[in-house]
Amino acid sequence: MEKSSTGSDFETECENLLRSFDILEAINDATGQTSIADSSSSSSSSSSSSSVPVPVPVPIPLYSENLWAVRSLSGRGDFGTSDCRFPLALQTIAFEHCTNHELFSLAQDPEGSQYLQEKLSSGDSRILDKLFWVVSGFTFELMSGQYGRFVFGKFIKSCNESQLALIILKITFQDQLFLLASVDKFGSSSVKKLIKVVAQSPPLLYHVMSALKRLFKFLMMTKPGSSVILKCLEPSYNHKNDFIYQAALEHCLYLACHEQGCINLNNFIDNMKGSRRKQILHLISVNAASLSRHRSGNYVVQHVLNLEDPFLIDAICFALRGHYVDLSLTKCGSFVVQKFLKYQNAVHYTVEELLNSDQILQVASDKYGNYVIQTALVETMRQDRLSVHQRLVTKLQQHLAALRVMKYGSNVYKWITASHPGLA
């Protein structure tokens, strides 16, 4: 079994898979297996072509009926053909004679799934051995199935270490299918359960964490995928999840500029711990100037500011020096500057740059910049900033006549004249 290709070709393939996201069809195509609906329709067409129905042989059970025989699971009698996905013949076929595909079909049914879970709860090694071939043959389909995921979860909790290791190797050596399962609503639940099961087995956990590191960027671009990553940040995985932090350090700037990735990155930031946390936050801070201009990146910068860490505020302040004016003239940048003005360490540098600029009238009359000026006027009215406030008012006073007749500048004019009636 070979690992999936890496590099740009692999990234392109993953991006294409995410764009055309249809998990079941993708898995069927990748494994070359026929869907259940297709197989049932083909079997029905073949049976209809035969004029005389062929009776289904009933094998003699090798074990007691209460352990192996598959009966109606609902307690309402025989399965109706309109209510079940799996062949009607399974009602009379002994469990050990069911094919892997028939047991897979059973796992896809709500009552069949419950039945198989109960079988697994018995702890019988013969049942585990039988279902191992089903799980190993239809791993990703079960992981992503609405009901099959429960059979998968029960199996990985019940199986022996060797069986679990083989399942882990299959999953972690097929990156694209692992990605498809992890970004699925049901599949992500299976992956999180898998992470929990292997938590106490360092060699197996290593394989899972390595795969998550390779797929980190793509997982963090979806809500279900990011929930898998966040699972790895729980306290029980401390000192075992450095792979995840390494990937975050590599991809955090890319994710900050992705519409869904920026939301997931902010959630990641809230859950980070350990020495890598400071590295990731510092990397975001020193790139604040470019991120602040981006429609998604500005929210990540604001989120870092909300942590109210003086070290990070100083780092962002240094990164934004010389950019406060031009950022104030953009929608995204103005959000960051307004947020920045609320911090004691930052307000002085921001206002000083506005005061020393010959573009203050342009900023005050701009669609977005006028809000920056109004925020600066509000934040400098505090007792310890009154001197800066007076300088700002004096600077703007020179342009009051022009601001009065401007569409957005009039907002600044009204604020100044309301707060300083003598200047009206």
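**Close-up views of a predicted model**

View 1. Cys 159 counts as buried, at 12% relative accessibility (buried means under 20% relative accessible area, exposed over 50%, partly exposed in between; 1.4 Å probe, protein chains only). Cys 252 is in no disulfide; the nearest cysteine sulfur belongs to Cys 257, 10.0 Å away. A disulfide here is a pair of cysteine sulfur atoms within 2.5 Å. Cys 252 is buried as well, with a relative accessible area of 1%. Across the whole structure, the search finds 0 disulfides.

The model is predicted: local features need pLDDT of at least 70, side-chain atom pairs count only at pLDDT 80 or more, and totals for chains, interfaces and linings use all residues. Residues are numbered from 1 along each chain as its sequence is written, and side-chain values use heavy atoms, with hydrogens and water left out.

**View 2. The largest nonpolar core.** This core has 114 residues. It is a set of buried Ala, Val, Leu, Ile, Met, Phe, Trp, Tyr and Cys residues joined through side-chain atoms within 4.5 Å. Phe 155, Leu 212 and Phe 268 have the most contacts inside the core. Helix α13 (residues 202-219) gives the most to the core, with 10 residues. Helices (H or I, at least four residues) and strands (E, at least two) are DSSP runs, numbered from the N terminus. Leaving aside neighbours within four places in sequence, Phe 155 is in contact (heavy atoms within 4.5 Å) with residues including Leu 120, Leu 128, Leu 131 and Phe 132.

**View 3. Helix α6 against helix α7.** The axes of α6 (residues 110-121) and α7 (residues 125-137) come within 8 Å and cross at roughly 135°. Leu 116, Lys 119 and Leu 120 in α6 meet Ile 127, Leu 128 and Leu 131 in α7. Axes are lines fitted to C-alpha atoms, for helices over the stretch in contact, and angles run from 0 to 180 degrees between N-to-C directions.

**View 4. Helix α22 under cover.** In α22 (residues 331-340), 7 of the 10 residues are buried, so the helix is largely enclosed by the rest of the structure. Among the buried residues are Cys 332, Val 336, Val 337 and Phe 340. The cover includes α18 (288-293), α19 (297-306), α20 (310-320) and α23.

**View 5. Leu 355 and its partners.** Leu 355 lies in helix α23 (residues 344-355). Leu 355 is buried, with a relative accessible area of 8%. Not counting residues up to four places away in sequence, Leu 355 touches Arg 391, Leu 392 and Lys 395. Leu 355 and Val 393 are 38 residues apart in sequence and 10.0 Å apart in space, C-alpha to C-alpha.
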